[in-house]
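Here is a colleague's note for someone opening this entry for the first time. Please keep the sequence and the model at hand while reading.

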Amino acid sequence: MKRVRKRLLDWYRTNKRAMPWRETRDPYAIWISEAMLQQTRVETVIPYWQRFLNLFPDVHALATADLDDVLGAWAGLGYYSRARNLQAAARLIDERHGGRLPDDAETLQTLPGIGRYTAGALASIAFDRPEPVLDGNVKRVLTRLLGIREDIAQPAVLERLWKEAGTLARGPHPGDLNQALMELGATVCTSRTPRCAGCPISQFCDARAEGDAESLPIKARKKPARRVEAVAALVTRRGRALAVRRPPRGLLGGLWDLPGGDLAAGEMPRAGLARTLRERTGLEITRASAIGTVEHLFTHRKLTLHVYRASTSTNRIRLDGFAGHKWLAPGAISSLPHASMTAKALALLMLPTARSSD
Ligand code: SF4
């Protein structure tokens with residue numbers, strides 16, 4: 001372990017890619033980078049990170065910001081719950097910890113949106129605590145290095161990986177060590193074509209010795225995405241169109257959308273439109289014309305959305321399953337934070353589209 005650690009640290013110091021958050025020791029700035037980097041590429045994150053820190057330079061600024069401004073600054077990064085959780089956690093840090101991020105992984109994990117990985121990353125990178133991280137890159141490096149030839153989705157295997165990562169982190173410079181493991185996985189020990197000849201720990205690597213690096217880690221097949229059909233409409237009354245806000249939690253929480261909902265099994269889209277609008281907004285539609293369909297793939301669902309233009313004669317709204325609504329000029333809907341699925345529907349309706357939020 002000692003030699004593996006030393007080689008990783010030496011390699012990291014001369015090979016690490018330049019990233020602006022690697023130039024700071026500010027725990028808040030590092031936290032924002034970690035939240036943004038989940039599921040998102042480094043090059044995409046850099047301008048967002050800089051802009052976000054300009055708008056919300058510290059915990060207090062984020063805690064007291066308007067949610068729509070936070071969601072707006074996140075627009076285009078996707079997985080909006082990260083932005084909502086950041087603000088919720090900032091509020092707790094402001095209230096309970098005087099605006100300073102806790103420096104231990106256990107307390108960090110009590111905050112919204114901070115799981116075991118992020119807590120380990122923050123504790124080690126920002127506070128030099130010997131805590132492990134285990135993201136996809138580290139899992140790949142460790143399974144190959146240690147020759148773990150079992151399904152890494154199994155809890156016992158995952159727990160073993162955490163334990164091994166923990167052993168590695170218990171040495172000098174745990175933050176750099178963790179970043180070295182992640183960097184190695186991202187640039188050398190890649191999924192398809194690991195460059196073992198240029199790897200600083202190749203002499204210790206079981207998979208290299210066995211010649212089966214490309215087949216590791218072993219992952220059970222994912223279930224195929226479920227197919228779902230839904231309807232949404234640009235509902236207008238006297239030249240104003242209805243936008244509805246999704247509830248703060250759940251899929252695309254807090255984002256603005258066109259009203260509608262999922263179709264029941266075997267339900268025709270037009271009937272489903274009348275039903276979902278009645279049930280979820282209290283509106284009866286007087287006319288509806290089909291515009292077309294858009295497809296969108298979520299993590300677990302493949303959605304076909306039937307898009308309509310519809311009109312109603314009443315503006316008495318009774319919301320069920322939405323957290324708010326606005327009547328506004330049709331072209332203004334895109335100025336509200338919205339998902340990329342909604343952006344596709346707006347484009348189909350030939351309305352202006354702004355950058356979407358997932
Ligand atoms: Fe990965 Fe190859 Fe290095 Fe092993 S030797 S850790 S498989 S790059």
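The points below go from the whole chain to single residues.

1. The model is predicted. The C-alpha trace of the chain spans about 75 × 45 × 30 Å along its principal axes. Its secondary structure comes to 14 helices and 7 strands.

2. Burial and surface. Of the 358 residues of the chain, 50% count as buried.

3. Contacts along the sequence. Among contacts in the chain with a separation of 6 or more, 66% are between residues 24 or more positions apart.

4. Charge. The chain has 54 positive side chains and 36 negative ones. The centres of these two sets lie 5 Å apart.

5. Helix H2. How many of the 11 residues of H2 are buried? The count is 10, so H2 is largely enclosed by the rest of the structure. Among the buried residues are Tyr-28, Ile-30, Trp-31, Ile-32 and Met-36, and the list also includes Ser-33 and Glu-34. Against which helices do the buried residues of H2 pack? They pack against H3, helix H4 (59-63), helix H5 (67-74), helix H6 (81-96) and helix H8 (116-127).

6. The tryptophan pair. A search of the whole structure finds 4 aromatic pairs. In one of them, the ring centres of Trp-21 and Trp-49 are 5.5 Å apart and the planes stand at 75°, so the pair is edge-to-face; planes over 60 degrees apart count as such. This pair links distant parts of the chain, 28 residues apart. Trp-21 belongs to the loop between helix H1 (2-15) and helix H2 (27-37), while Trp-49 is in helix H3 (residues 42-55). Trp-21 is buried because its relative accessible area is 7%, under the 20% cut-off. Trp-49 likewise counts as buried, at 7% relative accessibility.

7. Phe-52 and Phe-56 are both buried. Together with Trp-74, Phe-52 and Phe-56 form one aromatic cluster.

8. Arginines over rings. Which residue lies over the face of Tyr-48? It is Arg-51, at 5.0 Å from the ring centre. In another case, Arg-116 has its charged end over the ring of Trp-162, 4.2 Å from the centre of that ring.

9. Leu-349. This residue lies in the segment after helix H14 (340-348). Is Leu-349 buried or exposed? Its relative accessible area is 1%, so Leu-349 is buried. With neighbours within four places in sequence left aside, Leu-349 is in contact with Leu-234, Leu-258, Ile-291, Val-307, Tyr-308 and Arg-309. For Ile-291, the C-alpha to C-alpha distance to Leu-349 is 6.9 Å, with the two residues 58 apart in sequence.

10. A cis peptide bond. The bond from Leu-216 to Pro-217 is cis, with omega near 0°. Pro-217 lies in the loop between helix H12 (206-210) and strand E1 (226-237).

11. Positive phi outside glycine. Gln-39 is not a glycine, yet has a positive phi of about 65°. Gln-39 is found in the loop between H2 and H3, and counts as exposed because its relative accessibility is 63%. Arg-238, also a residue other than glycine, has a positive phi near 50°. Arg-238 sits in the loop between E1 and strand E2 (240-245). With a relative accessible area of 72%, Arg-238 is exposed.

12. Ala-18. Where does Ala-18 lie? Ala-18 is in the loop between H1 and H2. Ala-18 and Arg-149 are 131 residues apart in sequence, and their C-alpha atoms are 34 Å apart in space.

Methods: Residues are numbered from 1 along each chain as its sequence is written. This is a predicted model: local features need pLDDT of at least 70, side-chain atom pairs count only at pLDDT 80 or more; totals for chains, interfaces and linings use all residues. Side-chain values use heavy atoms; hydrogens and water are left out. Rings of Phe, Tyr and Trp (its six-membered ring) pair if their centres lie within 6.5 Å; planes under 30 degrees apart count as stacked, over 60 as edge-to-face and the rest as tilted. Helices (H or I, at least four residues) and strands (E, at least two) are DSSP runs, numbered from the N terminus. Buried means under 20% relative accessible area, exposed over 50%, partly exposed in between (1.4 Å probe, protein chains only). A charge sits over a ring if NZ of Lys or CZ of Arg is within 6 Å of the ring centre and within 35 degrees of the ring normal. Contact means heavy atoms within 4.5 Å. Lys and Arg count as positive and Asp and Glu as negative; His and the chain ends are not counted. The place of a charge is taken as NZ of Lys, CZ of Arg, CG of Asp or CD of Glu.
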